[in-house]
Amino acid sequence: MMMNPHDDMLDDLFAMARGEKPVPGDDLVARVLADADAIQPGVVTAATTSQKGLWPRLLEAVGGWPAISGLAAATVAGIWVGIAPPSSVEDMTASWIGDEVHVSLFSADLMLDEGALPDG
Amino acid sequence: MNASLDPFAGAPDEALLVAYANGDGHAARLLTARLLPRILAQATRMLGTRTEAEDVAQDAMMRLWKIAPDWRSGEAQVTTWLYRVVSNLCTDRLRKRRGGVSLDQVAEPLDTTPSVAAQMQTKARMTALSDALAELPERQAQAVSLRHLEGLSNPEIAQIMDISVRSVESLTARGKRALADIMAGRKAELGYDDEPA
């Protein structure tokens, strides 16, 4: 590469610039650390979690009262389906385990017509 | 700060950044002690003025604090990232300076004793170099400053600027040539004789 006649000057200027090693003043350091403190993300400490009792923490863990009401509704619906399954569910179970098996918790025949039972 | 008593002594910058993001205030102080001098030096060399360089250094550190929670481990070194940030912040300032004068040129000291005169000449040369960098296309200014003011290797610059080594070579060569042309007119003014090299 052809040398530029002004390269000596440039090289001197570059060397001079590289020699610049400014020491950060106390004021600048203080400003930078103040920024760091202001921006630093918060930390979850053991103290903040232990201030609440077991039930509030459990409640928090599952998502609060709205989640509890949802859980309650789902539980009631599950029990209801267990006791009185809709016909579509009955059809489905029949197709899986056969029509011969019939389980009824509240059999009218059993409760109202004892004569229908075989003797002995 | 006594490094020998420091529990973080020897920990990589990245680990300190994670510690800072997790709420460790001591990590911030150590990172500042490690990184701020380098950042301030880079900004001072590019901008030629202490006041502007301090603003850039503070801004760069602010960006570091902000990115700490999202820092992606292993993707880049903290120093590489900072070189890039400071470089970009400085070229932003140089762009605004075009056509005007840098802050330190405004005041004209009256003291002409030899040592003060020498300091003034050094200051004038640094300011002139910075003003000449401002005249270059930004990528050339960044490549030239990282190569010749920071003394980094071409592969390091390629990583910082996210370009190929060949592109770095091209940018630094063209940038240095352009810089020499710009500075040629100020040779006598800056105390360099006119004899060819």
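In the predicted model, 32 residues of chain A are in contact with 43 residues of chain B. The size of an interface is often given as the accessible area lost when the parts come together. Between chain A and chain B, about 3500 Å² is buried. Carbon and sulfur atoms give 69% of this area. On the chain A side, three residues stand out: Met9(A), Phe14(A) and Pro22(A). Together they supply 17% of the area that chain A buries against chain B, more than any other three residues.

Charged pairs also cross this interface. The rule finds 2 salt bridges between chain A and chain B. One salt bridge joins Asp12(A) to Arg125(B). The closest N and O atoms of this pair are 3.8 Å apart.

A helix from each chain takes part in the contact. Helix α1 of chain A spans residues 7-18. Its axis comes within 9 Å of the axis of α7(B), and the two cross at roughly 75°. An angle of 65 to 115 degrees counts as roughly perpendicular, so α1(A) is roughly perpendicular to α7(B). From α1(A), the contact uses Phe14(A), Ala17(A) and Arg18(A). From α7(B), it uses Val144(B), His148(B) and Leu149(B). By class, 4 of these residues are nonpolar, 1 is polar and 1 is charged.

The contact of α7(B) with α9(B) has 5 nonpolar, 4 polar and 4 charged residues.

A further helix pair in chain B packs at another angle. Helix α2 (residues 25-47) and helix α4 (residues 78-97) of chain B pack at about 30°, with their axes 10 Å apart. Angles under 35 degrees count as roughly parallel, so α2(B) is roughly parallel to α4(B). The crossing of α2(B) past α4(B) is right-handed. The contact of α2(B) with α4(B) holds 11 nonpolar, 4 polar and 3 charged residues. Leu35(B), Ile39(B) and Met46(B) are among those from α2(B). Those from α4(B) include Leu82(B), Val86(B) and Leu94(B).

Over all chains, the structure holds 13 salt bridges. One of them links Glu150(B) with Arg45(B), with the closest N and O atoms 2.9 Å apart. Glu150(B) lies in the loop between α7 (138-149) and α8 (154-161) of chain B, and Arg45(B) lies in helix α2 of chain B. The pair therefore ties together parts that are 105 residues apart in sequence.

Methods. Residues are numbered from 1 along each chain as its sequence is written. Chains are lettered from A and ligands numbered from 1 in the order in which they are written. This is a predicted model: local features need pLDDT of at least 70, side-chain atom pairs count only at pLDDT 80 or more; totals for chains, interfaces and linings use all residues. Side-chain values use heavy atoms; hydrogens and water are left out. Axes are lines fitted to C-alpha atoms, for helices over the stretch in contact, and angles run from 0 to 180 degrees between N-to-C directions. Helices (H or I, at least four residues) and strands (E, at least two) are DSSP runs, numbered from the N terminus. Angles under 35 degrees count as roughly parallel, over 145 as roughly antiparallel, 65 to 115 as roughly perpendicular and the rest as oblique. A crossing is left-handed if the near helix is turned anticlockwise from the far one by less than a right angle, and right-handed if clockwise. Contact means heavy atoms within 4.5 Å. Ala, Val, Leu, Ile, Met, Phe, Trp, Tyr, Cys and Pro count as nonpolar, Asp, Glu, Lys and Arg as charged, and the others, Gly among them, as polar. Buried area is the accessible area (1.4 Å probe) that two parts lose on being put together, summed over both. A salt bridge is a side-chain nitrogen of Lys or Arg within 4 Å of a carboxyl oxygen of Asp or Glu.
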